Amino acid sequence: MTTITVAVQERRQTVTVLFIDIVGFTALVDRLDCAEVRALQRDYFSAVADVVRDCGGIVEKYVGDAVMAVFGAGEDGFEPEAAASAVRAGLSVQETLRGRLLAGRHRVRTRVGLATGEVIVDPLMAFDGGYGMISGSVVSTAARLQAYAPHDTVVVCSATREVTDALIAYQELPPVSVPGKSYPLDLWRALQPQSARLVGVR
């Protein structure tokens with residue numbers, strides 16, 4: 001058996017990972033000069049990052065038209081509110097971009113996928129653009145879910161739905177078969193935030 005040694009500053013904890021990208025980005029940028037692509041990316045990344053930070057998340061990386069963000073990676077540990085904040089961030093990004101002209105002329109549509117699970121967190125990388133801040137299969141799960149999300153929606157895995165069920169209203173979607181996964185993934189569409197259910201009130 002192989003023993004995996006974790007660096008002293010790293011820690012194991014649960015987080016929620018958010019992936020968002022632009023629908024039809026490749027076809028869009030193929031028609032544009034590289035300077036205009038850059039202007040579009042700058043406007044888009046800025047809008048997404050502002051929402052992520054306002055919701056308490058950290059941007060882990062920007063790649064092409066994709067943004068990956070992490071919620072619940074702080075030293076205080078993971079709470080359901082962190083996952084709910086990630087879902088709210090996804091919904092808020094789409095609301096922020098709706099009707100907005102990026103680089104002054106481009107309207108875009110987006111897809112958002114979120115997954116919750118255990119990772120290794122490197123606190124030394126815990127800043128916006130902290131590439132490699134987390135490691136774990138939940139990263140690829142969130143990216144896969146984003147790819148299967150209907151346009152202009154936020155979809156989450158079953159673990160995210162379970163911990164946020166009292167805070168977010170959901171619609172169940174058909175499970176999806178994802179390359180590399182040995183079983184279909186349950187899929188839930190986030191509709192809107194809702195008030196937490198009152199416990200012990202009759």
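Reply: Read along the sequence, the protein follows the pattern β-α-α-β-β-α-β-β-α-β-α-β-β, and this comes to 5 helices and 8 strands. Please keep in mind that this is a predicted model.

Me: Okay, and how much of the protein is buried?
Reply: Of the 202 residues in the protein, 47% are buried.

Me: What about contacts, what share join residues at least 24 apart?
Reply: If we take the contacts between residues at least 6 apart in sequence, 69% of them join residues at least 24 apart.

Me: Which residues touch the most other members in the largest nonpolar core?
Reply: That core has 38 residues, and those touching the most other members are Leu18, Ile20, Tyr44, Val87 and Leu114. Helix H2, residues 34–54, gives the largest share of this core, with 9 residues. There is also a second, separate core of 24 residues, and Val17, Met133, Val176 and Leu187 are among its members.

Me: Let's stay with Tyr44, what is it in contact with?
Reply: Leaving aside neighbours within four places in sequence, Tyr44 is in contact with Ile20, Asp21, Ile22, Asp65, Val67, Leu97, Leu102 and Thr110.

Me: Asp21 is on that list. Is Asp21 buried or exposed?
Reply: Asp21, which is found in strand E1 (residues 11–22), counts as buried because its relative accessibility is 11%, and the cut-off for buried is under 20%. Apart from neighbours within four places in sequence, Asp21 is in contact with Tyr44, Asp65, Ala66, Arg109, Thr110, Arg111 and Gln146.

Me: Switching to helices, how many residues has H3, and how far does it reach?
Reply: Helix H3 covers residues 80–97, so it has 18 residues, and from its first C-alpha to its last it reaches 26 Å, close to the 26 Å expected at 1.5 Å a residue. Among the buried residues of H3 are Ala82, Ala86, Val87, Leu91 and Leu97.

Me: And what happens just after H3?
Reply: Just after H3 comes Gly99, which takes a positive phi of about 80°.

Me: New topic: what is the volume of the largest pocket, and which residues lie nearest its centre?
Reply: The volume of the largest pocket is about 180 Å³. Its lining has 14 residues, and Thr141, Cys157, Ser158, Tyr183 and Leu185 lie nearest the centre. The elements that each give two or more residues to this lining are E4, helix H4 (137–148), helix H5 (158–164) and strand E8 (185–193), and the largest share, 4 residues, comes from H4. By class, the lining has 8 nonpolar, 4 polar and 2 charged residues.

Me: Where is Pro123, and why does it count as partly exposed?
Reply: Pro123 lies in the loop between strand E4 (110–121) and strand E5 (134–135), and it counts as partly exposed because its relative accessibility is 27%, whereas buried means under 20% and exposed means over 50%. Beyond its neighbours within four places in sequence, Pro123 is in contact with Gln9, Glu10 and Arg11.

Me: Last one, which residues is Leu173 in contact with?
Reply: Leu173 is found in strand E7 (residues 168–176) and, leaving aside neighbours within four places in sequence, is in contact with Pro150, Val155, Leu187, Trp188 and Arg189. Leu173 counts as buried, at 16% relative accessibility.

Conventions
Residues numbered from 1 in each chain as written. Predicted model: local features only at pLDDT ≥ 70, side-chain atom pairs only at ≥ 80, totals over all residues. Heavy atoms only, no water. Buried < 20%, exposed > 50% of the residue type's maximum accessible area, 1.4 Å probe, protein only. Contact = heavy atoms within 4.5 Å. 1 Å grid on protein atoms, 1.4 Å probe; cavity = no way out; pocket = protein on both sides within 12 Å on 5 of 7 lines; lining within 4 Å. Points joined across faces, edges and corners; volume = space filled by probe spheres on them. Nonpolar A, V, L, I, M, F, W, Y, C, P; charged D, E, K, R; others polar. Core = buried A, V, L, I, M, F, W, Y, C linked by side-chain atoms within 4.5 Å.
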